[in-house]
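Me: I have just opened this entry and would like a guided look at it. Could we go through it step by step?

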Amino acid sequence: MLAAEHRLVAQAVREALEHHEVHVDVLRWREPVPAVALSTQLTGAHAGVGLFVGQPTLGLPLIEALWLFDQTRLPWVVMTSHDLGPLGGALVQHGAALVVHGTVPLEELVEMLGQVGAGAGDPEQRLALLDQWQSQSPALRLLVAQMRLLSPRERQVLSLLHQGLDVASIAGLIGVERGTVRSQVKGLLRKLDVRSQREAVLTLEALQRAGQAVGAVRVDRAGAGDPRSDAEGHRSGRHG
């Protein structure tokens with residue numbers, strides 16, 4: 001099972017793997033796909049392992065990847081172009097069995113997929129990544145856990161709110177009634193434990209800033225900060 005952040009990447013990886021006689025089913029998942037639709041794609045696929053290709057940075061990209069792993073319940077090999085640092089631990093905690101760099105030779109990748117599909121992995125890497133993730137601030141890990149509760153549609157609505165769209169504009173863009181969008185906004189506010197759309201947007205921005213502080217190569221515990229406190233600073237009016 002293959003999931004990539006970009007369709008052209010998915011097509012290229014699929015062709016390369018099938019050239020090595022590896023059967024690949026490409027998963028449609030980036031658009032707001034409900035769990036039932038994802039389950040339908042998985043039915044009959046007989047996938048024993050998943051390959052995720054992308055850069056799940058801290059923010060909605062990471063949350064989308066975690067949701068995918070939770071829904072599929074497959075062991076995943078994550079292939080990324082950068083060292084994810086502690087974010088790799090979040091992925092491992094929710095279904096990633098192995099994290100590899102995008103420059104890994106194709107023959108080695110095929111071998112790794114076979115090993116993970118057979119139940120093997122890299123225990124040392126897993127423990128190291130989990131330890132890095134657990135070393136991050138409790139507030140950051142709590143915020144990621146709350147974001148994971150959002151449905152695909154709620155994540156889309158939050159992203160559009162972040163872009164500055166109002167409820168009416170969002171309804172017209174995604175083709176639903178305004179009341180449906182309002183219901184989804186209420187749901188995401190409850191799950192994020194905030195009181196307004198502005199607070200929800202600030203919470204997402206705080207998570208994104210925390211991702212920049214955490215960094216992709218080193219764990220900077222002092223620099224990671226407290227995203228929840230950052231968001232509270234906005235809410236209290238310190239940022240206007």
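Me: How many strands form the sheet, and in what order?
Reply: This is a predicted model. In it, four strands make up an open sheet, arranged in the order 1-2-3-4, and their pairing is parallel.

Me: Which strands stand at the edges?
Reply: Strand 1 (2-4) and strand 4 (96-101) do. Each has a single partner strand, so one side of each is left without a neighbour in the sheet.

Me: And what is the twist on average?
Reply: From one strand to the next, the twist averages 20°.

Me: What holds strands together in general?
Reply: Strands of a sheet pair through backbone hydrogen bonds, in either a parallel or an antiparallel manner.

Me: How many bridges link strand 2 and strand 3 here?
Reply: Strand 2 (residues 50-53) and strand 3 (residues 76-80) pair over four bridges, in the parallel sense. As a point of reference, V53 stands opposite M79 in strand 3.

Me: Which strands does helix 1 touch?
Reply: Helix 1 (residues 7-19) packs on the sheet and touches strand 1 and strand 2. The direction of helix 1 makes about 145° with that of strand 1.

Me: How many salt bridges does the structure hold?
Reply: The structure holds four salt bridges.

Me: New topic: at what angle do helix 3 and helix 7 cross?
Reply: The axes of helix 3 (residues 60-72) and helix 7 (residues 138-148) cross at roughly 60° and come within 9 Å. That angle makes helix 3 oblique to helix 7. The crossing of these two helices is right-handed.

Me: Which residues meet there?
Reply: From helix 3, I63, L66 and D70 meet V144, M147 and R148 of helix 7. By class, the contact of helix 3 with helix 7 has four nonpolar, no polar and two charged residues.

Me: Now for helix 8 and helix 9: are they oblique or parallel?
Reply: The axes of helix 8 (residues 152-162) and helix 9 (residues 167-174) cross at roughly 125° and come within 10 Å. The two helices are therefore oblique to each other, and their crossing is right-handed.

Me: Which residues make the contact?
Reply: Helix 8 contributes R153, Q156, V157, L160 and L161, while helix 9 contributes I170, L173 and I174. The residues of this contact divide into six nonpolar, one polar and one charged.

Me: How far apart are the axes of helix 8 and helix 10?
Reply: The axes of helix 8 and helix 10 (residues 178-192) are 9 Å apart, and the helices pack at an angle of about 95°. Helix 8 and helix 10 are therefore roughly perpendicular to each other.

Me: Which residues meet in that case?
Reply: In helix 8 they are R153, E154, V157, L158 and L161, which meet V181, Q184, V185, G187, L188, K191 and L192 in helix 10. This contact of helix 8 with helix 10 has seven nonpolar, two polar and three charged residues.

Notes
Residues are numbered from 1 along each chain as its sequence is written. This is a predicted model: local features need pLDDT of at least 70, side-chain atom pairs count only at pLDDT 80 or more; totals for chains, interfaces and linings use all residues. Side-chain values use heavy atoms; hydrogens and water are left out. Two strands pair if DSSP finds at least two bridges between them. Axes are lines fitted to C-alpha atoms, for helices over the stretch in contact, and angles run from 0 to 180 degrees between N-to-C directions. Contact means heavy atoms within 4.5 Å. Angles under 35 degrees count as roughly parallel, over 145 as roughly antiparallel, 65 to 115 as roughly perpendicular and the rest as oblique. A crossing is left-handed if the near helix is turned anticlockwise from the far one by less than a right angle, and right-handed if clockwise. Ala, Val, Leu, Ile, Met, Phe, Trp, Tyr, Cys and Pro count as nonpolar, Asp, Glu, Lys and Arg as charged, and the others, Gly among them, as polar. A salt bridge is a side-chain nitrogen of Lys or Arg within 4 Å of a carboxyl oxygen of Asp or Glu.
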